There are 2 protein chains.
Amino acid sequence: MTELKKDVILKGDSIERLKKLPDACADLVFADPPYNLQLAGGLTRPNQTHVDGVTDDWDQFSSFAAYDEFCRAWLAECRRILKPDGALWVIGSYHNIFRLGTAIQDLGFWIQNDVVWVKTNPMPNFKGTRLTNAHETLIWAARDQKSRPTFNYHSLKAGNDDVQLRSDWTFPLCTGRERLKDDGKKLHPTQKPEALLHRIILGTTNPGDLIVDPFFGTGTTGAVAKRLGRHFIGIDQDAGYITAAKKRIKAVSPLREEDAVALPSPRKQPRIAFGQLIESGLLSPGTKLYCPKKRHVARIKADGSVAADTASGSIHKVGASVQNAPSCNGWTFWHYEAAGKLQPIDSLRSMIRQGMN
Amino acid sequence: MTELKKDVILKGDSIERLKKLPDACADLVFADPPYNLQLAGGLTRPNQTHVDGVTDDWDQFSSFAAYDEFCRAWLAECRRILKPDGALWVIGSYHNIFRLGTAIQDLGFWIQNDVVWVKTNPMPNFKGTRLTNAHETLIWAARDQKSRPTFNYHSLKAGNDDVQLRSDWTFPLCTGRERLKDDGKKLHPTQKPEALLHRIILGTTNPGDLIVDPFFGTGTTGAVAKRLGRHFIGIDQDAGYITAAKKRIKAVSPLREEDAVALPSPRKQPRIAFGQLIESGLLSPGTKLYCPKKRHVARIKADGSVAADTASGSIHKVGASVQNAPSCNGWTFWHYEAAGKLQPIDSLRSMIRQGMN
DNA sequence: ACGAACTATGAATCGAACT
DNA sequence: CAGTTCGATTCATAGTTCG
């Protein structure tokens, strides 16, 4: 049997190419498949500019059934090429992640965790019709229930301020210099941040391992694998993406093995909104708020808005309105009465922050 | 036909009880279904029978199939009892959420968002074999693709410090005084925090709406619904939970209606035609209107239309035309000059609306 | 040179009412 | 039901231009 060629990009259909790989050759599969978004019309921002959505042919499927069939086919091949203790990572959004998770379970994979990538800077919902779509979901699954997949628990903990790593991961989108551009425009519509792959590869593979990515795109998996001293095999149909990925990966220098442990650990103060004080029971709807000199009064509503004589809305807007000012910091302006004394509502925010740690 | 009895807890099997509820009676369903797969000591089917020999793929599949069958049955009934613009919330973890999401999509629900409840104080993974399981997933889905489910966008935004609410929600677990105890031990294994239900009910129902919860447990849904002036119907099999839930809900005082109602949506405000500003003398024919940067000018005509170089017609059409945009909100685009400053004509519309009260 | 102001953009199932 | 009109709607960053 000939040696399996590693650190290469195979051009072609994912399923066909996977079929040509031998059984039990891979330590990890990372897959970022088409999301099957089913976008209807165009979308413009409030300032009338056009939103560049994902309208590529590869994301079009005729039905859920067609999408399921496609996924079960490539997932089955991924399972075949995995070593007994191998594992799988997939990423998706609510459009497709439930189909993927169901297929993964049905095929006999064993889910280890689901992970949410919380985006620091997601695109807003421009029409105000839904919640901001601020996260994507990853599934980490072992080949079998009996598999003992690689999990570098202590590496991850050490890189996380010595706290056990959680299932919610906060990263920004892939933007700026990291984002591959062609003539100023994004080369790939859905390039993933290297930080995400860094954590996955560091945490669930060992140096020298083979990682297969059947939807290679611009090669984020390959770039991070090379930097961390892992091998990769990528598959993609698009010649343009392959060219860009090759160039990108060639420019990567592998880290010395002992350096391949650092993880970014951005720790920001969680943002607390006024509504959370009501939701958590620290303030009750109907309670009155006062300005420092009690000249102005507002009444708290259940949704975290407040109502004064002249206006209703957020603590900031109503604070501005009663003062006839252009703006106002409601956190310091409004006070509640406790034991006959006025306390700024900002003091309650610190209480929530403390409970959150 | 007899009136549907509300604010009650029905004892019995969820599916059987749902079947007795009439078509299209509910505004919202909230469901926190059991998932008794993959638990230590072997698998149990939803009907509590034990699954033998769960080590091979086939048995895993058969138990998933049983769970799927169970979920599709109660989800189909939920869809039947929902009004055309009704919606569904379900909550689950990686053990069951993918089955639920797939069933929801297959049954014709239309997903609005998935939401992650990020737990501030999750139980750690004691063995250090996986990531801390620090979140659960919720799915918010409308009955149909064409449904227009209730979404109190402005309420949620106002309570979130005037920033659009995102799909990741941070709350602590249900602990302390909120957690129902029996003899010092927790009464229910998965009691949900009231803060979570508070946000869901406030954001996606109106006062007076009917919320059905087919897995009522200790009645968090009922307690929050009552406090916020919504109606509920709960279903549970367990007499002990029902007793506890009844006692809990009885102790809840409803808020005053004005505190429980959402902020009014601009879309629901009475419509004012631009011509009314002229008729009421707030603006005179011949007055000039400007865009915010004074790059564009239009002249008001007596009939409430405006004229620019390139077009004549409504404030919206002309605004779109001068910007070369497909559409435009003339109320916020056009400004009039007063005391040397530009004011949006929308401020005049608010004056008229205030005068109507 | 430095900061303020302005512009660009990201996996998006993105309107409602009336004729 | 389709077509038309009214008019509601964005957050965090990165990069660029202007003062």
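Which residues of chain A does UniProt list for "domain: DNA methylase N-4/N-6"? The unreviewed entry gives residues 27-247 of chain A; UniProt positions follow the numbering used here, feature names are shortened, and annotations may be inferred rather than shown by experiment. The end C-alpha atoms of that span lie 25 Å apart, and the span is 28% helix and 24% strand.

A word on the model before we look around. This is a predicted model, in which local features need pLDDT of at least 70 and side-chain atom pairs count only at pLDDT 80 or more, while totals for chains, interfaces and linings use all residues. Residues are numbered from 1 along each chain as its sequence is written, chains are lettered from A and ligands numbered from 1 in the order in which they are written, and side-chain values use heavy atoms, with hydrogens and water left out.

**The sheet**

Helices (H or I, at least four residues) and strands (E, at least two) are DSSP runs, numbered from the N terminus. Two strands pair if DSSP finds at least two bridges between them. In chain A, eight strands form an open sheet with mixed pairing, in the order β1-β10-β9-β2-β3-β5-β4-β6. Its edge strands, β1 (8-11) and β6 (168-171) of chain A, each pair on one side only. From one strand to the next, the twist averages 20°; axes are lines fitted to C-alpha atoms, for helices over the stretch in contact, and angles run from 0 to 180 degrees between N-to-C directions.

| Strands | Direction | Bridges |
|---|---|---|
| β9 (residues 210-213) and β10 (residues 231-236) of chain A | parallel | four |
| β15 (residues 335-338) and β16 (residues 341-344) of chain A | antiparallel | four |

A:L210 has A:H231 in β10(A) as its bridge partner, and A:Y336 has A:Q343 in β16(A). The hairpin of β15(A) and β16(A) has two residues between the strands, and A:A339 takes a positive phi near 55° there.

**The helices**

Helix α5 (residues 194-204) of chain A lies across β2 (26-31), β3, β4, β5, β6 and β9 of chain A, at about 140° to β6(A).

The axes of α5(A) and helix α6 (residues 220-227) of chain A come within 9 Å and cross at roughly 55°. That makes α5(A) oblique to α6(A), since angles under 35 degrees count as roughly parallel, over 145 as roughly antiparallel, 65 to 115 as roughly perpendicular and the rest as oblique. Contact (heavy atoms within 4.5 Å) involves, among others, A:L197 and A:I201 of α5(A) and A:V224 of α6(A).
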